[in-house]
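Dear colleague,

Please look through the sequence and the structure first, and then read on.

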Amino acid sequence: MVQVWNPNGKYRVVSTKPMPGTRWINLLIEQDCRVEICTRQKTILSVEDIIALIGDKCDGVIGQLTEDWGETLFSALSRAGGKAFSNMAVGYNNVDVKAANKYGVAVGNTPGVLTETTAELAASLSLSAARRIVEADEFMRAGLYDGWLPNLFVGNLLKGQTVGVIGAGRIGSAYARMMVEGFKMNLIYYDLYQATRLEKFVTAYAEFLKANGEQPVTWKRAASMDEVLREADVISLHPILDKTTYHLVNKERLAIMKKEAILVNCSRGPVIDEVALVEHLKQNPMFRVGLDVFEDEPYMKPGLADLKNAVVVPHIASASKWTREGMATLAALNVLGKIKGYPVWSDPNRIEPFLNENVPPPAASPSIVNSKALGLPVSKL
Ligand code: DGY
């Protein structure tokens, strides 16, 4: 149940799951690590399972967003001499960073490499919901198609409608660009910070369209989240999950959205009150959702699976080969960097040098979220 690479390596690094690609393994073994990969056929490992994997001596762990990294695991890792943990994910709401700080354990994540891949899934869900792709596919496979009909699977046209983005960070902005450029949608966004680059992009694209005799697109930075919910036809959620964003979309907020709106969530499940959503979908058959994440993952709230106006996929937003291999590489390098005493990369958004397979990666940890709290040095590269 554990696969061992480079058994005589000096540093013991555990990965709680097999991860895509082999580069991450090679990078670790080239630097004198013994790599142990848990190959158990159990999707979600418990805290006890992971304590057993950590054992008496462990220098670092690469883990997954399904695991509960809190006081118990960080103290176990620290007792085993471990100094580094990395999530193979950009989100780290499964990690108690304060507990990691207490034990001096560096916590890594994998930003940058999944931006476009995740935005592409949000765009796919938007299209699938708008054009009822899954319903139509099921209909075909059930042998129900007996000829073209004017009313068959009529959906929503995106062109000229408004796309709303809540949280216009890296992924939200990439999604907004895809929808604006790809489908000529107008943009309304809500974020505490001004998305200057995104605004400039939409302005320039509007000028281009105008110069070509086409209707220009528009953008607006909303003063509140409710303004986006009220005005947009397609809304994609991109906040981080914390106390302030738990059930951000609740019964009251669903009620202010357009009856034929589309809601997409590729962030974290608890951002939506899923029970309220199921009820809203039942009451409003023209309202549609595209969901990659769920409140009680891996479960769906009762009733959701029966609803035709919901497209549901199993948390696969970052699941492109390039991205998943890159995430594994970044997670491994986060752990390796701390073990080797390397500094932390100065800009976690500029991770390309770590992903270039033709040259050795920089001697740095690509992204350590508690580097300031631990007083880790920053790379000058
Ligand atoms: C993340 O990285 O946080 C995603 O949810 C998994 O790809």
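To begin with the ligand, the residues around it are Leu65, Ala89, Val90, Gly91, Leu114, Ala317 and Ser318, and this shell divides into five nonpolar residues, two polar ones and no charged ones. Please keep in mind throughout that the model is a predicted one.

As for the overall layout, the domain assignment of the chain gives domain 1, made of residues 2-113 together with 319-374, and domain 2, made of residues 115-312. The C-alpha centres of domain 1 and domain 2 lie 33 Å apart, and the contact takes six residues from each of the two domains. On the side of domain 1 that touches domain 2, the residues divide into six polar, no nonpolar and no charged.

The UniProt record, an unreviewed entry, places the feature "domain: D-isomer specific 2-hydroxyacid dehydrogenase catalytic" at residues 30-342, a stretch that is 39% helix and 14% strand, with its end C-alpha atoms 16 Å apart. The unreviewed entry also places "domain: D-isomer specific 2-hydroxyacid dehydrogenase NAD-binding" at residues 125-317, where the chain is 36% helix and 15% strand and the end C-alpha atoms are 10 Å apart.

Finally, helix α5 covers residues 115-131, and because its 17 residues at 1.5 Å a residue should span 24 Å, the 24 Å between its end C-alpha atoms agrees with expectation. Of those 17 residues, 14 are buried, so α5 is largely enclosed by the rest of the structure. After α5 comes Arg132, whose phi is positive, near 55 degrees.

With best wishes

Methods:
Residues are numbered from 1 along each chain as its sequence is written. This is a predicted model: local features need pLDDT of at least 70, side-chain atom pairs count only at pLDDT 80 or more; totals for chains, interfaces and linings use all residues. A residue is near a molecule or strand if its C-beta atom, placed from the backbone, lies within 6 Å of it. Ala, Val, Leu, Ile, Met, Phe, Trp, Tyr, Cys and Pro count as nonpolar, Asp, Glu, Lys and Arg as charged, and the others, Gly among them, as polar. Helices (H or I, at least four residues) and strands (E, at least two) are DSSP runs, numbered from the N terminus. The expected span of a helix is 1.5 Å times one less than its number of residues. A residue is buried if 20 or more other C-beta atoms lie within 10 Å of its own, exposed if 12 or fewer, and partly exposed in between; C-beta atoms are placed from the backbone. UniProt positions are given in the numbering used here, feature names are shortened, and annotations may be inferred rather than shown by experiment. Domain bounds come from an automatic or database domain assignment. Two residues are in contact if their C-beta atoms, placed from the backbone, lie within 7 Å.
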